[in-house]
Structure formats: C-alpha cells, structure tokens
Amino acid sequence: MEKKKDLLLDIDEVFCFPAFLKAVNDFLGTNYVIDDFTEYYIDKAAIPKERFDEFNRFIDNRNLYEDAEILPYAKETIKRLNEFYNIYICSSCINPFDIKGSGKLFSNKYDFLIDQLPFINPEKFIFTNTKYIFKADIQIDDRLSNFDENIETKILFPSYHNKDISDEELKKKGIIRAGYDWREGWIEIRKILLNEACIQK
Ligand SMILES: [Mg+2]
C-alpha cells in the first residue's frame, strides 16, 4: 500500500473560530459578526488603541476555545480525511499582542483538540508560529504567509480576511482556493482531497 500523504492542518479560522469575536463583543458591548471584518486580527481592528491592554487582561481570564465555533462540516470531513492522509495539526498559539499571556492558549488549544479531534494522536500536534518551516505534501491554511512554496498541494481556506486575494496571485503561488465562503470551505476540500484520495485507493 502506498504511504499516506502528510497533511498540515491549520486550526484557527479553518477548523474553528476561537471566541475572540465574542470577547470583543462582550468587552465593547457590540454585536459584530465575523464577516464585518476584513483584517485578520479582529481585536486589533475593533478595540481602540488606548483600551488594548485592558482588553488583553480581559481575555486573560477566558478560555477562547471553550466557546469556539466549529466550522460547518469540519469535524466529519477531517475524520474522513484522516483515513486517507497522515494529518498533522499545525497551529499558532501565540497572540502577538499578548505574548506574556499566550501560554494558556497552548494549553486551552491542546485540551480543545484532544476533545474535538480525538482520532488525531496528540503526538502529531505542532504548536508554532513559524509554520512555513514544516514540510508536508499538503497544507491547509487561511493565511498566505504560512505556506511553504515547496509544498505540493497548498489549499487556502476561505475566510473573512482573505476574500480580496486575487486569483492571479494564488495562481502565481500555486495555491488552490477552497471556494470563497468559509461556510462552504470544507465542502470544497472534500471535493479537492477526497475525490483524489478515492481514485488513489
Ligand atoms: Mg488559521
């Protein structure tokens, strides 16, 4: 049997939306929805500069993965992908605006993942902020800067912050877009990766 291909799987904004948005809304008393934002860091976009430290202390007391929203079809598709691919979780845990308070993101994310994706061995969790250093056959991520050019199949997961990336730019970088709507990203990935997997079986 052919060796399974290695797949690097991003978590934030791909498997789930951590509860940053809820924290922002609770802190400001607002009702923002995720598609109100076009910048990756929604806290940076929404919180006034002078209240940023206060916001960071506010989220220090929260587990942002407790109320994380799992994206449609993510869990069942990853479970199915896991039959055909060797999945490594490759996920950032450092909040660049709260380096000192980021330690608990590692721990909260770890607990969340073993709970939500129990079929992936925790030995295959990579928690890092330098993703591009890791090699695999396939990578799924929502940020262009995380892709390594040597990875054969690079899939951009659609998100609120990457809608404006042009098809030309993606084509130039050899990146496939899994549609334009985060609600349907996993349906697209199913088409891209599971059709291929089924043929190879
Ligand atoms: Mg991400």
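Which residues are the protein donors of the magnesium ion? The ion is held by Asp10 (OD), Asp12 (O) and Asp142 (OD), which lie 2.0 to 2.3 Å from it. Donors are here N, O and S atoms within 2.8 Å of the metal (3.2 Å for Na, K and Ca), and because water is not among the atoms, sites may look incomplete. The model is predicted, so that local features need pLDDT of at least 70 and side-chain atom pairs count only at pLDDT 80 or more, while totals for chains, interfaces and linings use all residues. Residues are numbered from 1 along each chain as its sequence is written, and side-chain values use heavy atoms, with hydrogens and water left out.

Along the sequence, the donor residues of the magnesium ion follow the spacing D-x1-D-x129-D. Asp12, in the loop between S1 and S2, and Asp142, in the loop between strand S6 (138–141) and strand S7 (153–156), link distant parts of the chain, 130 residues apart. Helices (H or I, at least four residues) and strands (E, at least two) are DSSP runs, numbered from the N terminus. Asp12 and Asp142 are both buried; buried means under 20% relative accessible area, exposed over 50% and partly exposed in between (1.4 Å probe, protein chains only).

The loop between S1 and S2 also contains Glu13. This residue is buried, with a relative accessible area of 8%, and has a positive phi of about 70° although it is not a glycine. Tyr73, likewise a residue other than glycine, has a positive phi near 65°. Tyr73 is placed in the loop between strand S3 (69–70) and helix H4 (74–84) and, at 43% relative accessibility, counts as partly exposed. Most residues other than glycine have a negative phi.

The domain assignment divides the protein into domain 1 (5–17 + 68–200) and domain 2 (20–60); such bounds come from an automatic or database domain assignment. The C-alpha centres of the two domains lie 23 Å apart. Their contact takes 16 residues from domain 1 and 16 residues from domain 2, where contact means heavy atoms within 4.5 Å.

The largest nonpolar core has 50 residues, of which Leu9, Ile140, Trp186, Ile189 and Leu193 touch the most other members. Helix H1 (residues 20–28) provides the largest share of this core, five residues, and at least three residues are drawn from each of domain 1 and domain 2. A nonpolar core is a set of buried Ala, Val, Leu, Ile, Met, Phe, Trp, Tyr and Cys residues joined through side-chain atoms within 4.5 Å. Residues up to four places away in sequence not being counted, Leu9 touches Val14, Ile78, Ile87, Tyr88, Ile89, Cys90, Ile140 and Trp186. In soluble globular proteins, nonpolar side chains tend to be buried together.

The structure holds 16 aromatic pairs. Rings of Phe, Tyr and Trp (its six-membered ring) pair if their centres lie within 6.5 Å; planes under 30 degrees apart count as stacked, over 60 as edge-to-face and the rest as tilted. The rings of Phe15 and Phe112 have centres 5.9 Å apart and planes at 55°, so this pair is tilted. Phe15 lies in the loop between strand S1 (5–9) and strand S2 (16–17) and Phe112 in helix H5 (residues 103–116), so the pair ties together parts 97 residues apart in sequence. Phe15 is buried at 0% relative accessibility, and Phe112 is buried with a relative accessible area of 8%. In the pair of Phe17 and Trp182, the ring centres are 4.9 Å apart and the planes stand at 80°, so the arrangement is edge-to-face. Here Phe17 belongs to strand S2 and Trp182 to the loop between strand S8 (175–177) and helix H7 (185–200), 165 residues apart. Phe17 counts as buried at 4% relative accessibility, as does Trp182 at 8%. One aromatic cluster is formed by Phe27, Tyr40, Tyr41, Phe52, Phe55, Phe58 and Phe97.

Charged groups also lie over rings. Arg143 lies over the face of Tyr40, at 3.9 Å from the ring centre, and the charged end of Lys124 sits over the ring of Tyr88, 5.5 Å from its centre. A charge sits over a ring if NZ of Lys or CZ of Arg is within 6 Å of the ring centre and within 35 degrees of the ring normal.
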